Amino acid sequence: MDPRQLNHIVQLHDQEWVINISRILEEGFDEKDGVCVSIFTVPKSLMSSKQEAYVPQVVAIGPYHRRKPEIFEMERCKLTSANRVQKSFKRQSKLHHLVQTLEQNDITIRACYHSFLDYDKATLAWMFAIDASFLLEFLQTYSAKKEGSLVRISSKMNHLIDYTRRKTSHHAILRDIIMLENQIPLFLLKQVQSFCYDQEDNPDQILSSMLLRFCQDLSPFEHVIINDCYLQEECLQKAHLLDLLYSIIVPKEPLMDLQVNVEKKEENEEEKGDKNLFLRGLIAILNMFLYINSIPITLIEKIYNSKIVKFILMLPYKFFLYFCSSNHEAAVTQVVSSVKNVAEEMGSIFPDKENSPLVEEISIPSVSELSKIGVKFCRTKGGLGTINFNRCSGKFYLPIIHLDDNSEVVLRNLVAYEASIAPEAMVFSRYTELMNGIIDSEEDVRILRECGIVLNRLKSDEEVANLWNGMTRSVRTTKVPILDKAIEEVNGYYLGSWKVKMKKYLSGSWPFLAFIAANLLLLMSAVDAGCSVYSCFKWYNPEDS
């Protein structure tokens, strides 16, 4: 391109920017209107971990990714949707009437975005009119049968929009429209809906009903309590689809009321437990004796079947055999090799978990480790507020979570949105850290799946483990009383277990045992050298002398 032409384009771009800024300042914007920034760019610390979970792959909704060439093909499909929605407009309205309405709300729309929108008023209005129409047609798949559809899906769109919600393309679009950077203000959908229905048809209730079913279908948690009354009053006041899903999953109050209920429940359980104090004490004493007796037996059995026992039993014979020959160097090599094998075997008995690559997890034992000391995992019918650990019964209560091909995108963008709005308590991020901490391997997932806590629709348990382990701590954390208390109770219960205490004792004794073994090795080498000089063999077999 000619430098003069390029310079001219840059000047036009700068002039357009100046015009937009001047218009915004002249029109002014009252902060008392209550419009807050709600559509953010994903923090770099999260984007770098898995970019495809935050960047749309099929369709761009809103201004952030509109100019990506790889998804520009969907613009034709969006125009088809906008044209079909336009045909359902009442009072002979057309799409340009909707555009005029959106132009009047230009300042309000721009205020919802964290980044500056480098578009003029008309371009932005047409963009949102088309995107909102496409999104509304997509949401028709979640409308109630008695309400009917706004428009009938054309044959050209059947491969993208599916009422059965089974097609791969439908789920690809679903993942894109829930991404943080792919949101548009929810009041734009309300504007389009008002063009399609008369007021006596109650368009807000119809839209709220669709959004309710959309969130229920996309929510990873089962039994999340949502009532229609709440949606009719609060649903359309939310900023966008992701904000609506977040507010349903995470209570507005940071689980404080739920925390009080849990504490009252625990107090009642403690009062009931005091009545059986003698019985529980007797059981604890019996368990202590069982642990004390079972651990040495288990350890002795393992040592008996190990190489070191065979080595000790065969040691006199080896002395007799090797001392008769002159190949003392081979004997020493055999001893060193045997001790090395024993060291490796003992090291496998007491693995060092601190060498685990998951260094960013919170400090909590894994599911399999907790299961070994008798912790029972129980599913709850509710959301994050039902997470609790009962030390009296050793039961860990966790909500049921569905995991499918869409789950990772949903979970990651919920964490990104929470990190962007920075609430007082980052409840959802803390929950993902908890799951990341207790799930280290597919064995952990298998236990949770068999307990009914994880409903796995992925290919394998290993994929679920990789999903949680990939969600490392990349944002700041805050105190969440009910979750922090559960984590603290679990750690206290685990560290207080006799099995864990004995394991730590034996692990701590290993350096001393290695020291003794090294000294025995030196002693045996000295005996070997002495016997080679003084012919010790005849002392052990006097009849042959």
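Are Phe89 and Phe195 buried or exposed? Both of these residues are buried.

**Aromatic pairs**

- The count of aromatic pairs comes to 12.
- In the pair formed by Phe89 and Phe195, the ring centres are 5.4 Å apart and the planes stand at 45°, so the pair is tilted.
- Phe89 lies in the loop between helix H3 (74–87) and helix H4 (95–104), whereas Phe195 belongs to helix H8 (residues 186–196), so the pair ties together parts that are 106 residues apart in sequence.
- A cluster linked by ring pairs contains Phe221, Phe428, Tyr431 and Trp468.

**Confidence of the prediction**

- The average pLDDT of the chain is 76, and 60% of the residues score at least 70.
- Residues 146–151 have a pLDDT below 50, and this stretch makes 18 contacts in the model beyond near neighbours in sequence.
- Residues 346–359 also have a pLDDT below 50, and this stretch makes 12 contacts in the model beyond near neighbours in sequence.

**Cysteines**

- The count of disulfides is 0.
- Cys36 takes part in no disulfide, and the nearest cysteine sulfur, which belongs to Cys112, is 9.0 Å away; a disulfide requires the two sulfur atoms to be within 2.5 Å.
- Cys36 has a relative accessibility of 55%, so Cys36 counts as exposed.
- Cys392 is exposed as well, with a relative accessible area of 58%.

Methods:
Residues numbered from 1 in each chain as written. Predicted model: local features only at pLDDT ≥ 70, side-chain atom pairs only at ≥ 80, totals over all residues. Heavy atoms only, no water. Phe/Tyr/Trp six-rings, centres within 6.5 Å; stacked < 30°, edge-to-face > 60°. Helix = DSSP H or I, 4+ residues; strand = E, 2+ residues; numbered from the N terminus. Buried < 20%, exposed > 50% of the residue type's maximum accessible area, 1.4 Å probe, protein only. pLDDT = per-residue confidence, 0-100. Contact = heavy atoms within 4.5 Å.
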